[in-house]
Amino acid sequence: MAIAVVLVVCVVIASTAAADEPLGTIEAPAAAERVATAVSRQAADLVAVYERSALSTGVRDRAVAAAAGVGDPATVTRGFTVGLQAVRRAGATVLQASGPGGGTWQFPLSVTAIPADAIAAIMGRTVSAPIGLGQLVISATTAALHGAQVGDTFDLVTGSGSLLPFIVGMVAGDDTTGGSEILMSTDEASALGATIDTGVLIYGQLDHAALDDSLGRAGLLGNVTIRVRHSWDPQDPDSTLGLAKTKQLLGEFAYRIGASGAISVDPTWQAKYIPAQRERYAGIGVFAACNFVVRGDLQAALLDVANAGLGGDIDLASTNSAGGCFGPRFNRVSGNLGILSRHSWGQPIDMNTVENCQGCVPTMNCTIVRIFRSHGYAWGGNFLLPDGMHFEWTGRKTDQLAFPSRYCPNPVIPRTETVAVPAPRSTFFDGSSDVWLEQGDA
């Protein structure tokens, strides 16, 4: 689950890129052979407008009109996740997704798709040039995870399940790609089957007050079903990690989608990161199978809850049965396109599931919420569709961030010790493909 947004590509699909070359298998990903290239980026403010799932025509038109009313450019964007089946270089396979039982195994990659002219205006022509040729711009983190470099071919899985090859035209720093793993044009997204618009992006040298006044008069501010995110906003304590960062910290796995929509994850990854069964956490008796990376922070949070005398506010019956951490599942959007729940990584824990159903007004004790924020967890109670049961690990301590959250805002209490506060994120598109998870990490 992640805070959904969209940051921020003429159109020749690289369909002639040796699509019939044989795909081999390697034992492990190759090391990245090319460092990210520093690129120029035009200074601009950014404002994203999005909803709980797909972008409705009404909200799209109102957002575009509100921007035009104060002379600001706006564009429609798409955020989604696509499967990477193989990386090929000069006829050889660099990386192949594989697993037991056959079928199409793939690695999940987050994508932001924006029209090429808007990318040129926001990120500069160095970035938009390869996208205008139908190529991909990938992040440095993604290149490192998959041993990829400029000129490689990415075989991406379309919504119909077929493979479509794309050439990597540029490897850019994560700040340039805005936290997304892949930047492409909306035309290329359509070729993959990703045709659903998910947000409106307003960009340029913006008059903050004038634009917000226009958005407010359009009914887009203060609406609980619509989120407006500004590049100058303070950091939200309940913002979640983008997909690239999640994989970098918690490991990347290949997955396969079954006929029913159920998924299988690479058993080798699972054995390395997930316990074979639920483990008992000291303090209040929570049992959960969570990613080994997050285990220490979860244990510390639960002990603090117990020490604060709040153990009774955790419903162990629902937490230890319907709740917990690890539970691979695929939230289908269209055909084979969709979002893997972060529970597939064993990253979040759900607690008090009956009392905090998705879409209900959260009833979680706000002191418990703040304790979890102090141990690197974002809380789902402030997602667009409230998900009060959901605590998602980020590794960022955010209990001291003053932010006007709808539920459980942080009252900033001065501390005697020095507290490291995360710097504001420069990754505006971080999490953009997770717009569907704003509905709740089902």
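## Overall composition

Of the 442 residues in the protein chain, 56% are buried. The model is a predicted one. Its chain contains twelve helices and 19 strands. The accessible surface of the chain amounts to about 16,200 Å², and carbon and sulfur atoms account for 54% of that surface.

Helix α8 spans residues 243–250, and its buried residues are Leu243, Ala244, Thr246, Lys247 and Leu250. These residues lie on the same side of α8 because they cover an arc of only 165 degrees around the axis. The elements covering them include the strands β2 (74–89), β4 (105–113) and β19 (390–393), together with the helices α4 (140–146) and α9 (267–273). After α8 comes Gly251, which has a positive phi near 90 degrees.

## Thr142 in helix α4

Helix α4, one of the elements covering the buried residues of α8, contains Thr142. With a relative accessible area of 0%, Thr142 is buried. Leaving aside residues up to four places away in sequence, Thr142 touches Leu109 and Glu181. The C-alpha atoms of Thr142 and Ala172 are 9.8 Å apart in space, while the two residues are separated by 30 positions in sequence.

## The β15–β16 hairpin

Strands β15 (residues 330–334) and β16 (residues 337–340) run antiparallel and are joined by four bridges. Within this pairing, Asn331 has Ile339 in β16 as its bridge partner. The two strands form a hairpin with two residues between them, and Gly335 in the turn has a positive phi of about 60 degrees.

## Aromatic pairs

A pair of aromatic rings is characterised by the distance between the centres and the angle between the planes. The count of aromatic pairs comes to seven. The pair of Phe372 and Tyr377 is edge-to-face, because the planes of the rings stand at 80 degrees, with the centres 5.4 Å apart. Phe372 is buried at 0% relative accessibility, and Tyr377 is likewise buried, with a relative accessible area of 1%.

Phe372 also forms an aromatic pair with Phe391; this pair is tilted, with 4.6 Å from centre to centre and 40 degrees between the planes. The pair links distant parts of the chain, as Phe372 belongs to helix α12 (residues 366–374) and Phe391 to strand β19, 19 residues apart. Both Phe372 and Phe391 are buried. Elsewhere, ring pairs connect Phe253, Trp269, Tyr273, Phe326 and Trp345 into a cluster.

Technical notes: Residues numbered from 1 in each chain as written. Predicted model: local features only at pLDDT ≥ 70, side-chain atom pairs only at ≥ 80, totals over all residues. Heavy atoms only, no water. Buried < 20%, exposed > 50% of the residue type's maximum accessible area, 1.4 Å probe, protein only. Arc of directions from axis to C-beta. Contact = heavy atoms within 4.5 Å. Areas by Shrake-Rupley, 256 points an atom, 1.4 Å probe, with all protein chains shown as cover. Pairing = 2+ DSSP bridges. Phe/Tyr/Trp six-rings, centres within 6.5 Å; stacked < 30°, edge-to-face > 60°.
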